[in-house]
Amino acid sequence: MTEYRNYEAEDFLCDGFFIEWVLHPKPEHRVFWQTWLSENPDRREHLEKAVMIVRALQVRPNDKQLSDNDVAEMSERFLQSVTPKRSPRFKIPTRWMAAAAVLLLIAGTILFNRHRQSSDTLTITQPSFVKVYNDNQTPKLLQLADGSIVVLKPRSEITYPLKFSDTNREVFLKGEAFFEVRKDSLKAFLVHTGSMITKVLGTSFTVCAYDGDNGFRVMVNTGKVQVFNNQKSADGSVKASVILTPNLQAVYQPKLSSFKTNAVSMPLILSPALAKKEFSFTNTPLPVIIEKLEQAYGVKISYDKEKYEEVTVTASLSKLPLDEKVRAICKAIDAVYEFKDGTISIK
């Protein structure tokens, strides 16, 4: 796959993969270009110019092939349409003219060889992404737009949209992170790590991919998780896929192009059975509850220890996500909490 790192607008116009994305976007196109844009924000202007030109062509499907004369006439009309009329001395660079001609040939091949059911104009939008790198020695806590919790481990990076799309929830991870995903049966939650994709609807799990596919590992705390390699085999099928349930982990074996599945060495503290035991409290001192939460999630929870040293809480928190656990505790002790700088603060 072309890296496109040094591409300018006219270079994109000569690329078939780019043209196909604009005219007939598929999931793999969207994932690729969203990832590429997040990694190359300085090239966004060039890409958006190319997208604008492709859409400006306004080519419509037809039932017949384009002849050479058709292509020549369309090329001439397009070049005339983009020539500035107020600046007689302005001259379109030769490479732009060549790119436009190639673009028309590619667009003609794609559009006129297909019988589409609709001629609706395609609207391309690029969501605003946030990239977070944890350069601290301790995990960093993040909350996504849908309320899902991410505990980003040291030397790890995550890229996610400020607002998820109407069809799914996608994030891009390098390194290791724990996810506690809010349930949404209409929107799958996808974690992209290299060529690997971890797909869930609502659950908690850890993804580790410091060394890309060579060090890829997933551990499931709750719910059900599907993990698969997004690279396709020669016959078009998925190379490797596995379904995981609580206290199971999958390790990818690159040489065999398959996953090795086994039970985790010790039951995960947030898995259903153990969580029910660990997070059911009866007149338990608040510092003990806070310590259990910090150990389970690997995060820091700040509060006034002297003030709440003698305060006890009775509650069953095993089935609640982290923010709901903290909210329940705060309600019991008449306090409030906030996420700030990767930690939770109870006041």
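Modeller: In this predicted model, buried means under 20% relative accessible area.

Biologist: Why is phenylalanine 179 called buried?

Modeller: Phenylalanine 179 has a relative accessible area of 0%, and the term requires a value under 20%; therefore phenylalanine 179 counts as buried. Phenylalanine 205, with a relative accessible area of 0%, is buried as well.

Biologist: What makes the aromatic pair of phenylalanine 179 and phenylalanine 205 stacked?

Modeller: The total by the rule is 16 aromatic pairs. For phenylalanine 179 and phenylalanine 205, the separation is 5.3 Å centre to centre, with 20° between the planes. Pairing asks for centres within 6.5 Å, and stacking for planes under 30 degrees apart; the pair therefore qualifies as stacked. Phenylalanine 179 belongs to strand S5 (residues 168–180) and phenylalanine 205 to strand S8 (residues 204–209), so that the pair links distant parts of the chain, 26 residues apart.

Biologist: How do you know that the charged end of lysine 325 sits over the ring of phenylalanine 279?

Modeller: The charged end of lysine 325 is 5.4 Å from the ring centre of phenylalanine 279, and the distance limit is within 6 Å. Likewise, arginine 155 lies over the face of tyrosine 210, at 4.8 Å from the ring centre.

Biologist: Why is one side of strand S15 and of strand S17 left without a neighbour in the sheet?

Modeller: The open sheet has 3 strands in the order S15-S18-S17, with mixed pairing. Strand S15 (301–302) and strand S17 (337–340) stand at the edges and have a single partner strand each, so one side of each lacks a neighbour in the sheet.

Biologist: What makes S17 and S18 paired strands?

Modeller: Pairing requires at least two bridges, and 4 bridges join S17 to the antiparallel strand S18 (residues 343–346); therefore the two strands pair.

Technical notes
Residues numbered from 1 in each chain as written. Predicted model: local features only at pLDDT ≥ 70, side-chain atom pairs only at ≥ 80, totals over all residues. Heavy atoms only, no water. Phe/Tyr/Trp six-rings, centres within 6.5 Å; stacked < 30°, edge-to-face > 60°. Buried < 20%, exposed > 50% of the residue type's maximum accessible area, 1.4 Å probe, protein only. Lys NZ or Arg CZ within 6 Å of the ring centre and 35° of its normal.
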